[in-house]
Amino acid sequence: MTYQLATLTEEQKRQFENEGFLIVKGLFTSDQLEDIKSEFKTLSENSVPGYFEPDISPENSDPLKRYPRVMHPHRFNEKAKNYMLHEPVLQVLHDLYEEEALAAQSMFYYKPPGARGQALHQDNFYLKVEPGNCIAAWTAVDAADENNGGLLVVPKTHDYDIVCPDAADAKESFTTHYVKPPKDQKAVPVVMDAGDVLFFNGNLIHGSYRNRTQDRFRRAFICHYANASATQIGQHYQPLYRPDGSEVRLIENPDGGPCGVEFEALYPH
Ligand SMILES: O=C(O)CCC(=O)C(=O)O
């Protein structure tokens, strides 16, 4: 039976399938964006051990140490959990997967002026969703462009296998892995208005440059999902959540991926 799209147009679905990514405009209202900003502003004033540990000492000169990314806020913040299960996002994911999506991860990036970027990488190297793949929903909380370190994607690389990364340039990237784009393919900036959501396939090579502005944060709420028929996921993404908020556990994927298990021991996510 052919799947009937509920939210996306055929053209949007084709764009995702052909290019590996899709921007859907205005999935968050300005009130919802204000709510998210205010929640994460309050959160940024304190440490949450294991999830958010800012360096507030006067000697610190790295803006990213003052405002590191918040890992898995849905595990300790009810609002973050609700926004991870934001209905308009889940509806798009349902159309992309042609089945229900399970929420596996949330993150919040403040990316203040001057902050380093994140070198090119592939998300399913980490999430290890099988069978199927993870999809990211990257929500622009502030408008994002090339200057404030918006996302970069290498179109069509979703057909590229997951590869073992090289080392990233620590002066430009706060993460340690770098996946080189295939020959003749380049990363292109994704320009987004606040409230837009970028959906992308877990094999798509993507990352971001430094925030080169003096005064514009580039906040983003980033969640990763698995298809409901997946049976395995990496150990750091349990439990997952169904659209109704109930928990589900998949089998932990022991696959060391293209680098083997020793690599994982060296670079726990
Ligand atoms: O927002 C960024 O700067 C990078 C985010 C990213 O690459 C990811 O969430 O996988």
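A disulfide is taken here as a pair of cysteine sulfur atoms within 2.5 Å, and by this rule the count comes to one disulfide. The structure is a predicted model, in which local features need pLDDT of at least 70 and side-chain atom pairs count only at pLDDT 80 or more, while totals for chains, interfaces and linings use all residues. Residues are numbered from 1 along each chain as its sequence is written, and side-chain values use heavy atoms, with hydrogens and water left out.

**Disulfide**
- Cysteine 164 and cysteine 259 form the disulfide, with their sulfur atoms 2.1 Å apart.
- The torsion about the S-S bond of cysteine 164 and cysteine 259 is about 125°, so the disulfide is right-handed.

**Shell around the ligand**
- The ligand is surrounded by 13 residues, a residue being near a molecule if one of its heavy atoms lies within 4 Å of it; the closest are His121, Asp123, His206, Ser208 and Arg218.
- By class, this shell has five nonpolar, five polar and three charged residues, where Ala, Val, Leu, Ile, Met, Phe, Trp, Tyr, Cys and Pro count as nonpolar, Asp, Glu, Lys and Arg as charged, and the others, Gly among them, as polar.

**Polar contacts and burial**
- With a polar contact defined as a pair of N or O atoms within 3.5 Å, an N or O atom in the side chain of arginine 218 lies 2.9 Å from an oxygen atom of the ligand.
- For histidine 206, the distance from a side-chain N or O atom to an oxygen atom of the ligand is 3.0 Å.
- Taken alone the ligand exposes 300 Å², of which the protein buries 98%, with accessible areas from the Shrake-Rupley method and a 1.4 Å probe.

Notes:
A polar contact is a pair of N or O atoms within 3.5 Å; within protein, one must be able to donate a hydrogen and the other to accept it, and residues adjacent in sequence count only if both atoms are side-chain atoms.
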